[in-house]
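Dear colleague,

Please find the structure below, followed by a summary of what was found in it.

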Amino acid sequence: MADATVQGSHLSKSFGQRSVIDDLSFEVAPGEVIGLLGKNGAGKTTLLELMLGFTPPTSGTVNVFGHPSQRLPGAVKSRVGFVPQQDELLDQLTVADQLRVIESFYSHWDGELIERLCREWNVNTAARIKDLSVGERQKLSILLAFGQRPHLLVLDEPVASLDPLARRQFLEQLVEISADGERAVIFSSHIVSDIERLANRIWILKNGRLDWQGDLDSLKDSIVRLHIRGAAEAVAGVEVPGAISLRREAGFATAVVRDWNPEVLQSFQGAHAVNVEVESLGLEEIFLELHR
Amino acid sequence: MSAIARLVYAYFTSTRLACVLSGGGILLFVVSLVVVFGMPQPEDMVVFASAGQLAFFLGSSNMPLMAGRLSQGLAARLLPQGRLKLLLSMMVTVALVALPVVLLTPFAVIAGTIKVGVAVDVARLAADPKLRSFVIDMTLVIYTSLCILAGWLYLAMWFVTSQRNSAGFSKALVIIVFLVLAPTQEINDPSSDAWTNLLQLGIAWIVFGTIFLAWPRLKNWRTRSWIPGLFPRAWAARSAGQEIDLMLGTHNPWMYIGALLVPVFLATRIGQFSPAVWLYMLTIFSAVNGAISGQAAERSRALWLRAGWSRSELFARVEASFTRHNSFVLGVLLVLMFGIGWYEGQPVAMLAAGLPLLILGTATSTYLGLMLTRGVRWPEALLALALMLTLMTLPLMLDARAPNVTAVVALEVILAIVAIVLRFVARSRWAAIDWTECRRPRDARLAPG
Amino acid sequence: MFVLKPQSGIPIYRQLLEQVRRMVASGQLAPGTELPSVRELAIQHAVNPMTVSKAYSLLEAEGLLERNRGRPMTVANRPKNAAQLSRRLQQVRPLLEQTVLAAKQLELSEADLLKAIREIWEE
């Protein structure tokens, strides 16, 4: 794609002997919202850091807006917003001062947007940062990334400390941001329900590799749970190709299948003389099944 | 450009206290300059102006911490030209903070001439070319010296405020020692002029600037395979069962002692010092040694949660841990004092006075640190300042031709009493310690040695 | 207007598709009714706008919705005819399948089931 926002090619990263990211290739186009899922320690933060040039890859390349991530020019940096996992606020300052310091680095800061969000999100601009609660600090970190209206927004567990109301407000704002279809958002979160609402592509990082990299909709269609019922012998003899897991009891079996093709349902039922009910799974269930 | 201005403004106005210090300092400075012609004793003006200048400097004392935090952050790496602007903001701050002295020097000269009784004809004075060049030269020398001093002080403050453990204090120590050594060198060999200073400034900033700008790249090299092998993390917890020491940061006095020996060794190489100066340095070391107890309060919260001790028992154990750590260091300091004293043939009186002085230095600062259960507030800060000044004056008192032994002994007795009182206060505070009033434990994330 | 459940195994766009189809078929969404814009719907339900626009595009391709320049999508004018019947039956088919499956598990006969359905119909 000519104008990919982020592009990675055979990206690998090891720390000493330990390999964290192994041969990843991916592309992010404008308008996409990518949900990055993975167990703790799977390498999500490392991947995001590689993308933004905080650390060099051991091998492979990653480009942002066409530039290698290690050498992003200032103009490109001003189009990227990042919300880190641990906030980087200056405790001594007031919220307003912190906003002004960060604002001074950017030529196109949307002051009205920030003002409106401060009101809607109940952020007290006169408060000292060291007196803020963890949730308020996180809200401020998010605001600092939104202010320059970035074309690439990268968020690393941005809502871990927010209450459900604050999370919903954040999601709504993220929806607004991605509504014009020109901005790309990549966010990693453990709160699967948020990703389910917002992402249209999912990356599942497992053991340093992208176990799944595709549309959320296709993911939900591809991984299903089959409930198989029939006579005991019939069920005992059933083999399910592409099954991630299979559990059998007398006359009843459950299998979770990857790359499910609905067209084989009829023939499968006929061939094995069983009744099959197909259950589609939510994202959290899918994640759990993939990591069993 | 506006980012740099905004950053510098933030450094001087970070907290309410900073605003007061910066603004008040400038105001005091300007007023004293204006009033000079009306004062009977014009040199008083210099005192007030200097106080104003000092306040102005203190107003910006958050700069190292803020700039450091910004430069360490991941988000800061994404700020367009972030590192460069941060570096420039630091340079501007240093240049700005030493600026009042540029105004002070000509006024001080005028005040001097007023005192001497020469007619006050400022216009004629200004027209005198010899006077003009003298004033300009002196101004430049003082300004550049002050820039150098400010730079080093900021660096020392950075080590102390950002790490707040023995490693951080050690690094700050090295700098403070150099700051102490450099002026004494100057006194022995006064050859500084504006150009030498500028050269020094230039080299220092170029080195610092290069390291600062290239730091991300340098850090990336460290994660490559072979370099970590050169710096094994072998200093980490080796002692078994000393969980208390681990959690308080006192498990490894040897690292601290090692860092101590470096400046001492350098000092022996550099030149001859009077015994008093040696004692002065060692006293500073002993005081800073005790100061690591300042973090004890907030670090002990986890200890208290895990063990079945009451707050008073906790205090006893914390005190024991710090005493153990500090006595190692104190022991080394005493050996140094006696060793250097024997080598240089120092008077017995000096050594006799020095022994209790070093012990008192550690004791008072340890208990002062333990007293900090509610963060650092005015009483504690003033007390620390007073203690430091006293500790620093004692060696200098001993340096006189006929030292006033009674005064020295009296002061030391007073210090001993102060140490006992501080211990009492610390113990009673710990009996009712409220951990939400200590600094936030999240800052401890910046810490472990 | 719509009920969207992001955590369901059914992709959001498909939930929207089916609901619009059902509502158009039942007449709840009369021809000419304006649907909320992509952006409005996305913000209201806190879902990705591309999901909504995907559903809308598919509905437009099916002929159920009409795009008007500068204005939100509206329900198309379509005459009710026999082709609609099969589509409406398609809507209830999944429910019927579930009912039949449950009946078989409970070992009810086809006749029992049809009798029960008739009773319910006449209520």
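In chain C, 54% of the contacts with a separation of 6 or more are between residues 24 or more positions apart; two residues are in contact if their C-beta atoms, placed from the backbone, lie within 7 Å. This is a predicted model, in which local features need pLDDT of at least 70, side-chain atom pairs count only at pLDDT 80 or more, and totals for chains, interfaces and linings use all residues. Residues are numbered from 1 along each chain as its sequence is written, while chains are lettered from A and ligands numbered from 1 in the order in which they are written.

Chain C contains 5 helices and 2 strands, arranged along the sequence as α-α-α-β-β-α-α. Helices (H or I, at least four residues) and strands (E, at least two) are DSSP runs, numbered from the N terminus. The radius of gyration of chain C, taken over C-alpha atoms, is 18 Å, well over the 14 Å from the globule rule for 123 residues, so chain C is more spread out than a compact globule. That rule is 2.2 Å times the number of residues to the power 0.38. The C-alpha atoms of chain C fill a box of roughly 55 × 35 × 25 Å along the principal axes.

An automatic or database domain assignment divides chain C into domain 1 (12-75) and domain 2 (82-121). The centres of these two domains of chain C, taken over C-alpha atoms, are 29 Å apart.

The contact between chains A and B takes 22 residues from chain A and 26 from chain B.

Yours sincerely
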